[in-house]
Number of protein chains: 2
Amino acid sequence: MTALRQASKVVCIGRNYADHITELNNSRPKQPFFFLKPPSSILPPGNGPVIQPKGVDLHYEVELALIIGKQVKDLDASDEKGALDAIESYALSIDMTARNIQNEAKKKGLPWDISKGFDTFLPMSKTIAKALIPDPHKIELYLTVNDEVRQNDSTELMLFKIPRVLSDISKVMTLEPGDIVITGTPKGVGPVVPGDIMRAGIRINGKELEDAKIEIG
Amino acid sequence: MTALRQASKVVCIGRNYADHITELNNSRPKQPFFFLKPPSSILPPGNGPVIQPKGVDLHYEVELALIIGKQVKDLDASDEKGALDAIESYALSIDMTARNIQNEAKKKGLPWDISKGFDTFLPMSKTIAKALIPDPHKIELYLTVNDEVRQNDSTELMLFKIPRVLSDISKVMTLEPGDIVITGTPKGVGPVVPGDIMRAGIRINGKELEDAKIEIG
Ligand SMILES: [Mg+2]
Ligand SMILES: [Mg+2]
Ligand SMILES: [Mg+2]
């Protein structure tokens with residue numbers, strides 16, 4: 001699964017679920033915005049725990065990841081077929097965030113990349129065959145910490161759907177095969193500390209998707 | 001030269017020359033900060049002009065680029081030999097920036113990645129053999145627009161030298177062979193419009209380094 005780390009970039013959508021925007025006191029974007037995580041932050045399944053850097057307030061954000069299968073440039077936002085054709089497979093991911101560093105960066109108008117980019121800050125599941133997710137806007141994402149449910153919402157709550165998201169990204173930066181797009185997190189983000197166990201997964205019509213499971217310290 | 005685009009990440013230092021900080025009314029950082037550009041933004045020599053996106057106020061920033069030759073993790077800031085050993089070769093680069101988008105992002109506390117990440121926003125020279133630059137802190141970077149000198153300063157003006165910069169980055173994100181680090185821009189940044197010709201280069205003891213030359217529309 002280290003093939004995931006061959007991505008030439010990981011593009012991350014911010015504020016794509018209304019209730020998550022409210023919980024962080026953020027304003028609702030008029031258009032999708034995005035940032036990068038370095039491929040060095042990817043933590044493939046079975047590669048050990050998330051490392052908490054010293055002095056860092058570590059938050060989880062469960063997100064659906066798209067693995068891109070072809071070059072995408074200037075995609076039209078109305079081209080739903082083009083968007084879905086560009087997806088080779090899916091994965092589940094946790095966009096780990098150094099929240100205190102991010103908050104300070106936001107206050108000072110500085111880049112987010114340090115707060116999002118530490119090694120191990122992107123735990124991922126196995127890749128999920130495309131056929132297992134007939135409609136990426138109708139799946140349930142969940143995340144538990146020490147078996148308490150913290151996040152559990154449907155991707156139908158995305159403010160900007162996948163075609164719009166891929167269109168906006170591809171008008172700025174060409175997507176390449178192997179690139180990863182993570183699509184934003186629903187409400188319920190919060191802190192974890194060393195020793196906590198995060199479990200995350202995807203349910204479709206109430207049924208657990210085995211390949212989507214993440215279990216990590 | 002498209003090997004440059006095989007980089008798994010491009011890490012960019014901000015505000016690393018005092019006079020450049022003053023000209024943009026920014027505050028001086030207490031420690032190096034950095035952000036990412038996607039490898040898709042790299043424009044290798046001879047690959048055509050910089051594309052100005054619609055509505056974008058396009059600025060140049062000439063910068064010395066380091067091409068990393070080995071994995072670097074948790075480098076000690078005092079390890080000058082380790083830092084220089086980690087460099088495989090150099091290049092000259094222009095960190096093209098959508099200044100209006102960046103200014104809006106800074107005001108709103110949003111990520112810089114869109115403003116820095118458009119396709120063609122990182123023109124680079126050929127790679128420069130390491131032996132041609134005996135001391136990377138004693139070279140002169142210059143950039144002209146339509147043959148008028150806009151930037152021309154020595155890298156000895158860097159606030160944070162290369163060992164400190166590589167140390168700080170490597171304590172957040174592991175550097176991999178092929179990764180590119182751009183080290184900040186001296187004063188003199190400004191706008192270009194379609195039709196302008198940018199020329200940039202490196203002089204050592206007044207002598208032009210042929211492989212460092214960039215000439216681009
Ligand atoms: Mg996120
Ligand atoms: Mg690669
Ligand atoms: Mg710069």
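**Ground rules**

I number residues from 1 along each chain as its sequence is written, and I letter chains from A and number ligands from 1 in the order in which they are written. The model is predicted, so I ask for pLDDT of at least 70 for local features and 80 or more for side-chain atom pairs, while totals for chains, interfaces and linings use all residues; side-chain values use heavy atoms, with hydrogens and water left out.

**Entry 1: where the chains meet**

I began with the contact between the chains (contact means heavy atoms within 4.5 Å). Chain A puts in 28 residues, and chain B puts in 28 residues.

Next came salt bridges (a side-chain nitrogen of Lys or Arg within 4 Å of a carboxyl oxygen of Asp or Glu). I found four salt bridges between chain A and chain B. One of them joins B:Glu176 to A:Arg5, with the closest N and O atoms 3.8 Å apart.

I also looked up polar contacts. A polar contact is a pair of N or O atoms within 3.5 Å; within protein, one must be able to donate a hydrogen and the other to accept it, and residues adjacent in sequence count only if both atoms are side-chain atoms. Twelve residue pairs are in polar contact between chain A and chain B, both residues at pLDDT 80 or more.

Which elements of chain A give two or more residues to the side that touches chain B? They are β2 (33-37) and α4 (113-117). Helices (H or I, at least four residues) and strands (E, at least two) are DSSP runs, numbered from the N terminus. β2(A) gives the most, with five residues.

**Entry 2: B:Ser8**

I placed B:Ser8 in the segment before β1 of chain B. Is B:Ser8 buried or exposed? Buried means under 20% relative accessible area, exposed over 50%, and partly exposed in between (1.4 Å probe, protein chains only). B:Ser8 is at 17% relative accessibility, so it counts as buried. Its side chain makes a polar contact of 2.7 Å with the side chain of B:Asp179. Setting aside residues up to four places away in sequence, B:Ser8 touches A:Ser8, A:Pro39, B:Pro39, B:Glu176 and B:Asp179.

**Entry 3: salt bridges within chain A**

A:Asp179 and A:Lys9 meet in one at 2.8 Å, N to O. A:Asp179 sits in the loop between α5 (162-170) and β12 (180-182), and A:Lys9 in the segment before β1 (10-14), 170 residues apart. Both A:Asp179 and A:Lys9 are buried.

A:Lys116 and A:Asp95 form another, at 2.9 Å, N to O. A:Lys116 is in helix α4 and A:Asp95 in the loop between β6 (87-94) and β7 (97-98), so the pair ties together parts 21 residues apart in sequence. A:Lys116 is buried, with a relative accessible area of 1%. A:Asp95 is buried at 1% relative accessibility. I then traced a network of salt bridges that links A:Lys37, A:Glu61, A:Asp95, A:Arg99 and A:Lys116.

**Entry 4: helix α5 of chain B**

Why do I call α5(B) (residues 162-170) largely enclosed by the rest of the structure? Because eight of its nine residues are buried. Among them are B:Ile162, B:Leu166 and B:Ile169. The cover over the buried residues includes β1 (10-14), β5 (62-68) and β12 (180-182) of chain B.

I noted a salt bridge between B:Arg164 and B:Asp168, with the closest N and O atoms 2.9 Å apart. The two are four residues apart in the helix, so about one helical turn separates them. B:Arg164 is partly exposed at 29% relative accessibility, while B:Asp168 is buried at 17%.

**Entry 5: backbone check**

Most residues other than glycine have a negative phi. B:Asn146 has a positive phi of about 50° although it is not a glycine. B:Asn146 lies in the loop between β10 (140-145) and β11 (148-154) of chain B. At 41% relative accessibility, B:Asn146 is partly exposed. A:Asp74 also has a positive phi, about 55°. Its place is the loop between β5 (62-68) and α2 (80-86) of chain A.
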